[in-house]
Each structure stands twice: as structure tokens, then as C-alpha cells.
Amino acid sequence: MKTLRELAALLPGAELRNADQADSIQIQSIRPLAYDGKDFLSFVTGKGYVQAGGASKAAALLVTAEFASQLSKPLIVVPVVEAALAQALRVFFPERKPDGQISPHAVVHSSAKVGKNTSLGHFVTVGANSVIGNDCIIEDGVKIGEDVVIGDNARIGMNCTFSYGTRIGKNFTVFGNSTFGGDGFGFYFANGIHNKIPQVGNVLIGDNVEIGANCTVDRGALQDTIVKDGCKFDNMVHIAHNCNVGKNVIIAGQSGLAGSTTLGDNVIVGGATAIADHLIVPDGTIVAGGTLIRNSPKEKGVYAGTEGLSFGDFQKMRANIKHLVGFNKWASRIKALEKKAGITAEE
Amino acid sequence: MKTLRELAALLPGAELRNADQADSIQIQSIRPLAYDGKDFLSFVTGKGYVQAGGASKAAALLVTAEFASQLSKPLIVVPVVEAALAQALRVFFPERKPDGQISPHAVVHSSAKVGKNTSLGHFVTVGANSVIGNDCIIEDGVKIGEDVVIGDNARIGMNCTFSYGTRIGKNFTVFGNSTFGGDGFGFYFANGIHNKIPQVGNVLIGDNVEIGANCTVDRGALQDTIVKDGCKFDNMVHIAHNCNVGKNVIIAGQSGLAGSTTLGDNVIVGGATAIADHLIVPDGTIVAGGTLIRNSPKEKGVYAGTEGLSFGDFQKMRANIKHLVGFNKWASRIKALEKKAGITAEE
Amino acid sequence: MKTLRELAALLPGAELRNADQADSIQIQSIRPLAYDGKDFLSFVTGKGYVQAGGASKAAALLVTAEFASQLSKPLIVVPVVEAALAQALRVFFPERKPDGQISPHAVVHSSAKVGKNTSLGHFVTVGANSVIGNDCIIEDGVKIGEDVVIGDNARIGMNCTFSYGTRIGKNFTVFGNSTFGGDGFGFYFANGIHNKIPQVGNVLIGDNVEIGANCTVDRGALQDTIVKDGCKFDNMVHIAHNCNVGKNVIIAGQSGLAGSTTLGDNVIVGGATAIADHLIVPDGTIVAGGTLIRNSPKEKGVYAGTEGLSFGDFQKMRANIKHLVGFNKWASRIKALEKKAGITAEE
């Protein structure tokens, strides 16, 4: 619990407004605007939330100067609401820190190196020649093969697996049951069967990457599969062999890249989206959720739909759906016109 | 092995018919109608299966009174075929029961509580302050973090993971490699990078829930992610942060809900279906397999297709597909009409 | 490192060409044509790559006789480029072999049998009555339940799980966190809830099967779920209960089969594809990526798109997309024709 004044003092650039009672307003938690409780802080992230902000039971609101004058509640006026929210959440829910404990039930190969202040959970394994950085939390059941490098300050969720040769930068986060470094999917057909092409590349992940639960990143065939700095992937994201994912790429849940596809920097991919193999997606492209991309987009833009249309065309298509659903009526009208015009069309 | 009479006696409300030989008919197993063997029981679940029932090599059939008179085979006439089938299967394949053994290779924190008659497999971990109910089977390799609650009579498949704070009701079943309580996918873009918003909600799962293999249920951002009583999820189902899944919801394989979406009670979601974020799906709605739902359905109904159409419109669309595939011919016909009418249309 | 002559000598049926310097050309690695380095071997797999082959910095190329005369570089002329590539890769990256070590941290039930020269990693479990063949590598954290059979020469990735009764043939490969033998998804609705139908079949996998990371193969309801010899599945592939997958079937990433579906031999399924339940897909059928198959294809063919069209129709549909996106313009043209013709159509 903090007073509103104490909390505001912890947020860079924050100013109190409508807050004469800032020393007596108690903040016990942070909640959505609609929360049915008391003593909580909430937040207004844009014009569309000002009215709900006024009506909220929140004891106080985080808001930018732009909307502050429209609200009579106690306010903490901040430069960026989401940044202040993240900071305020850390006041009430401090980040878990490594305690430097190595479980007696972890097995670390004698040639492996584990950094200072890194925690290894129960039933963790670290294979030969692998190197784990400082200040990491490696949760229970994580399996790290040979010749793996994981940088400082990693947070590795339970039962994740890292096959030999995987290399990961600093500040990596991943949730449970994700798999790194399985073989890429490469076969050739001969003599009536599918024959394996050895997959000898590795997985190379940059700094500040966060990956969700039950994701897979395959090793490359001849070169490495690359995920660059700052990428954030949701759950069940699949990155196939030889992909090259640019900096700060976002990929939402259950989406995947087929082999050898390149995403430029700052691409955003919605959920339940599939991007075919050997494509190049330009920097800054946005792919909506539920999209199928079968060809490389010619230019940066927003793409949507199972035909991978530009967003404008996708909207037009949706506006025309009622016509397409009932196209048989249009067909009848065309036939009636033909009959009246005395045209005999080929069916 | 049971005689037909012995088996019928174990099924509530069952009556033998055409079964003078009920003491000498041996039932060794339960099989589909088309099974090519002998001494097996099969079943007729509706009108469409009566003929196959008559032709089956089954020694006897489970059937309701409605169809019994159409069959001359030995029958066990029952109120609900599926219920009788489930009961009969348990005669031949008794449910596995916990044996109350705690593997010497499990690690249970001194502050955790494990209920009576609960089995913990090898390499299971139970973290600080967690509470596991009575009569549970926790299979090998399951990892349970801190402050987790799992109710009585759970069946937890191998290598599932439960992050801190996850709370699960009674009679929970889950299969291997599912992940509970990974962080929700929440970032804000500032200073050229994606910055994390701490995810401080938990996962809250009701009673009598069954979840498949390799599923993920993320913790909420500020509130809990909720899965209510009686839900059944197939494999690779993804439930994002803040979702609220109503009672008795069915979700088939490889389907997912994006963040903050609410499903009403008794919703049924087919496989390979994606439901976008912040939607509300009414009680009793049915979403067919392979559907994309981008907007909240206005009313209970059946929805289908990548445009999220009502089922009626979806059927119309499919009936019109041949026209849409060959629309260029219709375009030519329209142009021919324009030519004859002396209309010059803008292309 | 090998000389070009040494390397060629290791490849069956290989002949050197343009290779007077074969004893002094050093090959240190194998890379794609576009690789920016030196001392590497590359390969030309078809007409479309001949020009890039000529321009490559590769020290030598693998190529068939068909294209050899168009290239002046040092060549290794081989019968099948991909086969020679696979063999050459194994020269530089020898396959990992089992060392026959059983980790002291593995738990093998006293009634289980582990074959000769098989390696069991740390925190592996093998349940009662299970049988693991010879020459297998069972990586760290794999959990094998009761009555499981795994044939000779398996490669089981970290943290995979095998529930009771699963039977797998020879030369099986699977990558991390895949789950075999979870219950099929079978319920009936009665008394206002979904009631479970016991799933008493097993999982039966043939010889020479490779399965990716984070896949699921469910046990059958009454019969076994079957995956036949020579199948190759990519990551996050889901095979539901009672499916019967023919020989040498390819399924790419994030695709799934709903329950009781049969795929014929040599079927190829692209990524992000869903095939509905109770279908039969003919031998040799190809299903493109991003396809929804809702009905059994009547004949062998190539199918594509969210309407499961024949590939020809799919291509026509795509060619017509511009018309469908802008259908409102066609509607206006039809209305203009009607006006001029004095027809009043029903809207």
C-alpha cells in the first residue's frame, strides 16, 4: 500500500492534480477502469477512455496532460501512461530476482559455465561447453544442451529446451515448454521415400527478446535461423529454418513463418497468421491477425485477410461480402438482362 | 471378459433384447461397428447407424429404445448410448487411480501441502506455499511453481508447467506439455522499442475442466484469466491474457482466443479457429472449425468461415463459389450487355 | 577440412569436372550459393540456379550432369544433388551417435528394458513394462510411461512425453516437447454438461518417422491412432484420435487433422492447414499451405485455399480477386443496365 503522493513520487515526470488529499488517498492495487472495488489506481490511455475514467471507481487515474483537464478525479499526470503504469505495477509487484541458488537437483556439465548470481532450478541440465550468463533465472526442468550460450539476465520458463549450438543474447525471456534448435524441416524425395537433409545451422537470438510459451525456433539448414534484437513473440509461434526475423518484430499467438522467410525490422504480425516460405516482408509492414501471406509484399503497408490483401482492399472485400454471399441473385439479374437484350451467353 | 448379461447388469437402466443367449455371449472388447473381429460390443448412436449396426460383426449392440425394434441382433437397450458406452468402457478399461506414492525423485518445498492419496511422479516439483489436493495423479516431470493451488482429483499429464499463483478447481485433467501462467503478451512502443507491461494477474480455472496437450493459458495483465467450470479444450489451444471463458465451453484443437475476449457459457468452438481480442461471444454460440471471428457476434448463432459469417450466409457463399471462381466470365457478360446497350462504363 | 578430391571420393557416383586443382582446393564448409565467404562447397539443384551457381563464390559446386556443361567452375557431378549434399554434410557434421550411457539421474522401472548401446539423458523416466530398442538417444527430460515400445535407433528430443501404450517403430526421430498418447477429445453432452468418453486406443507409429517439436498425437477412442512408415511432420502438428496417416505423408508446420480422418499414402500437407474430421484424403493428394479441407477430396489432386478448391480453381479465384474486392462497381453497372433496360429487379 502506498499513498497517492508516495506512488506519484516513484514515477518519473509525474505530477499530481486534483489531489489535495494525496497523503490520505491509499492505493492498494492497480486495476482496469471497470473494476468494482476501491483504493485502486487505474489509467486513461486515450480519448476513448476519458468518459469511463470519470465514471470509474478508481481512487486516482494515470493520464497524460492532454486529457487531464477533462477529469475531476485525483490524477497522476505523466508523460506516457503505459510507461507510468509499468513502473507503478513494479511498485506493487516487484520483479522476481535471481537468488544465485543452484539446485542440488540440477546437473551442470563440468565444462559448462554458469554466471554469477544465476539461479538454476530443480532438474535443470546444462550440457558440455555451454555458457549461462550472470543474473539469470533458469526455472525448474529447463534442458540446455551442448555448446549453448545464454546471455546475462535471462528468464527461462519451466521445461523449455535448447538444443546444441543455440546462442541467445542478453535480457532474454521465454515462458514454459518452448523448444529451440530442433531440426529444420528439410527432406528430398528419392527412391520412393523422403530423405533427410542434415540441418547444420544453429539458432541465433539477439538481445532483449521475449518469447511466449510453447513456441518453436528451428535450427537452420546450412546457415543460422536468426531472431534479432528486441523481438517479442506470443505463445505457439513457429519460426522455421533459415528465417531471418528483423529487429523489434512483434508476432502474436499461433502465427508462424515457413522456411527461409525474412521479416524486416519493426514488422508486426497479428495472431493466427501464416507467412509462406522464401518471402521478404518489408520493414515496418503490419500483417493483421488471421492473414495468409503467400507472396512477398511489394511495399511496406498493412495486409489482411486470407488472400493477403492490402488493408484497403480487405475492407472493400468485407463491404462486398453481402453481394458475394448472394451472388446467385446477381447472376439471375445478369441472365434477365441478357434475355431482354436477346443475348445468349455461354454458361 | 464379461457375458452380455453380466455387462448389461453393470449399466444403469439397461435392458437386454433379442438376448436369449445372454449368458453365453462373451464380450471381450468394445469396438466401432466396422471392426473386423468377434466377441465385441458396438453401438448405434442414431438413425444413420442402424443399417451398419445390423451389418456389423458385433456380438451385441448398445442402442436406445427408439431404434431397437429395427435390429434383430442381441441388444442392450439403454437410455443414452454414449453414457452406457462410457460406463461399459470403464468395465474393460478401469480408470487409473492414484496410489499415494510420492517419488523419491520429486522435490516438494517444505511449505507446500500435498493432499491425501495423491501420487507425485519422478522429477515433479512443487514450489513454496503451493497446495495440491487429495487423490491427484501428478505425472512425471510436472513443474508446479509457488503459490499454486490444484484441487482434488486432478490428473496432470507429464511435463506440464504451472507458474506462480495459478489456481485450479477440482477434477482437473490436462495432458502433456501444457503451460499455465506464462505472462500475457503486453507491450507498449516507446523510444523505438517494445516495452513490457508487467502481467500481474493469475490464471483461475474452475472445476471439472479438461485441457489437452501442449495448450497455453496465460496469466492476466491486471485481472485474472478465467476458465470456468466444465470447460473442455483439445490440444494446442491458446487462451490469452484476461480472457474469460464461460461454463462448459468446448474448444477444439489449434484454436485460440486473443486477449481480453469473453466467451459465454456453453459456447462451442471448432478446431483451427481464431477469435480476435476484446470480443464478447454470446452464450450458446457455435463457431465452426476453420473460422475467423473478428467482431463480437450480435446474437447467439452458428458462425463459420474466414469471414465469420452466419452459418446460413456461409452456406450461401459456398454455393456461390463456382460463380466467384469464374467471375471473369460474368464480367465479360456484363461488358457484352453494356456494349449492346451502348453504355460506356468506367473500368 | 577436405580437399575437393577427398570429398568427391566420399560421394557415391561422383565425378570431378573442371577440377585440375582438386588436390589443392580446400573445402571447409557447405553453404548456400549466395554465401559471402571462401573455401566452401555449394550446389545447383535445377535450371533456375545455374546462373547463381556461376556467380557464386563457392570453391566448387555439386551438380547433375544435366547442367554441368553450363558451368566452368570446379564441379562434383553427382546423380542426385540433394543426396550428395546430405552425404557431404555428414562429412563435415557427423551424425551424433549414442554412447550407451544411462544417466545416474534417469529412473528406469525394474520391469522396463533398455536396448544395447542406448543413451538415456538426465531426468529421463521409463515406466513399467516399457521397451526401448538398441542404439537410441533419449535426450534429457524425456518421460516414457508404462507399456511403451520404442524401436531401435530412435532420437527422442528433450522433454518429449509418451503416455502408456504408445508403440513406435524403428529409426524414429522427434524434437523437443512433443506429446504422444494424450487422450483424444471425446465428450457427449448430457445433463447440462460435457461428459467424457474414455479414450482406450493407443498411438501406433511406424518405422522411419520424423516428427518435429511441440507436436501432439492423441490416443484413439476405441481403435489406435496410426501414423504409418516414412511420415515426416514439421513442428506443432496435431493428429487427433483415430486418425490414420498413410505411408510417407508430409505435414508441414502448424497443420492439424481432426478426429478419425484418413490420409492416403504419399499425401503432402502444407503448413497452417486444417483438415476436418472423418474425411478421407486420396493417396498422393497435395494440400497447399493455408488450406481448409472441409470435405473429402473426390480424387487425387492439388487443393488450396480456405475454400479447399482445386488448385486450378484456386488460381482462377485469385485472378478474380480484384473483381470481388470491387464488386460494388459491378453491382452499379448491373443496376445501370437494368435502368436502361427498364427492368426493376428485386434487391
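This short talk goes through the contacts that chain B makes with chain C and with chain A, and then the domains of chain A.

Please keep in mind that this is a predicted model, in which local features need pLDDT of at least 70 and side-chain atom pairs count only at pLDDT 80 or more, while totals for chains, interfaces and linings use all residues. Residues are numbered from 1 along each chain as its sequence is written, and chains are lettered from A and ligands numbered from 1 in the order in which they are written.

Let me start with chains B and C, where 54 residues of chain B are in contact with 53 residues of chain C, contact meaning that the C-beta atoms of two residues, placed from the backbone, lie within 7 Å. On the chain B side, two or more residues come from each of helix H4 (81-92), helix H6 (321-325) and helix H7 (327-341), helices being DSSP runs of H or I with at least four residues, and strands runs of E with at least two, numbered from the N terminus. H7(B) gives the most to this side, with seven residues.

Turning to chain A, the contact takes 53 residues from chain B and 54 from chain A. The elements of chain B that give two or more residues here include strand S20 (179-182), strand S25 (216-218) and helix H5 (311-319), and H7(B) gives the most, with seven residues.

Finally, chain A is assigned domain 1 (2-92) and domain 2 (107-314), with bounds from an automatic or database domain assignment, and the C-alpha centres of these two domains of chain A lie 37 Å apart.
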